[in-house]
Amino acid sequence: MNGLILLIPFFLIRFGLLWCRDRESVRRAAHFAPMIGNEMAAYWLYQISNAAIVIYLCFLKVRIEFSGLFLAGTVCYLLGLLLCAVSIIGFSSPSPEGLNTKGIYGFSRHPMYVSYFIYLMGCAFLTESWIFGGIILVFQISSHWIVLAEERECEKRFGEHYRQYRQEVRRYI
């Protein structure tokens with residue numbers, strides 16, 4: 001099975017579910033916070049690694065076999081998709097002020113990024129590709145810098161309410 005097939009459920013959840021839930025949320029999800037300094041380099045690494053993930057999956061194969069790696073990959077893949085769906089539902093239902101603090105956002109300030117990592121690690125295990133795993137690490141590290149810019153923007157926009165939320169809820173897990 002071609003690795004590109006692994007992206008279909010992800011795209012349906014990430015874009016289709018979000019579009020069905022709230023079209024305004026699609027615009028919010030596509031917004032990147034203003035970046036400064038090293039965050040600009042991280043933004044470009046993020047975009048390049050995103051493209052590399054999609055392109056490289058076109059060349060990878062998933063061998064359906066009953067091994068520990070296949071089982072771990074399947075579990076991570078499905079868990080990542082589930083967490084992504086739950087994150088999308090929460091993201092599309094912010095408070096009237098626009099801040100997401102309920103549901104999964106009460107456990108993690110950035111559950112979508114967590115779900116992407118788990119999902120992509122599942123893809124790496126399923127395709128048995130160390131190179132793909134390396135691309136995911138670049139993606140995840142660059143994502144952290146984007147998260148820092150998002151948090152700075154949230155603090156500026158939501159003020160004390162966000163600072164309190166940040167103290168009560170972990171950034172990732």
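Predicted model: local features only at pLDDT ≥ 70, side-chain atom pairs only at ≥ 80, totals over all residues.
1. Local features rest on pLDDT of at least 70 and side-chain atom pairs on pLDDT 80 or more, while totals for chains, interfaces and linings use all residues. Residues are numbered from 1 along each chain as its sequence is written, and side-chain values use heavy atoms, without hydrogens and water.

2. Helix 1 (residues 7–21) packs on helix 4 (residues 68–91) at an angle of about 15 degrees, with their axes 9 Å apart. That angle makes helix 1 roughly parallel to helix 4 (a term for angles under 35 degrees). Residues in contact (heavy atoms within 4.5 Å) include Phe-10, Ile-13 and Leu-17 of helix 1 and Leu-81, Cys-84 and Ile-88 of helix 4. By class, 12 residues of this contact are nonpolar, none polar and two charged.

3. Helix 3 (residues 38–57) and helix 6 (residues 130–158) pack at an angle of about 140 degrees, their axes being 8 Å apart. Among the residues that make the contact are Tyr-43, Tyr-46 and Ile-53 of helix 3, together with Phe-139, Trp-145 and Arg-152 of helix 6. The contact of helix 3 with helix 6 comprises 17 nonpolar, five polar and two charged residues.

4. Ser-25 lies in helix 2 (residues 23–30) and is buried, at a relative accessible area of 0% (buried means under 20%, with a 1.4 Å probe and protein chains only). Leaving aside residues up to four places away in sequence, Ser-25 touches Leu-18, Phe-91 and Ser-92.

Note on methods: Axes fitted to C-alpha atoms, helices over the stretch in contact; angles between N-to-C directions. Helix = DSSP H or I, 4+ residues; strand = E, 2+ residues; numbered from the N terminus. Parallel < 35°, antiparallel > 145°, perpendicular 65-115°, else oblique. Nonpolar A, V, L, I, M, F, W, Y, C, P; charged D, E, K, R; others polar. Buried < 20%, exposed > 50% of the residue type's maximum accessible area, 1.4 Å probe, protein only.
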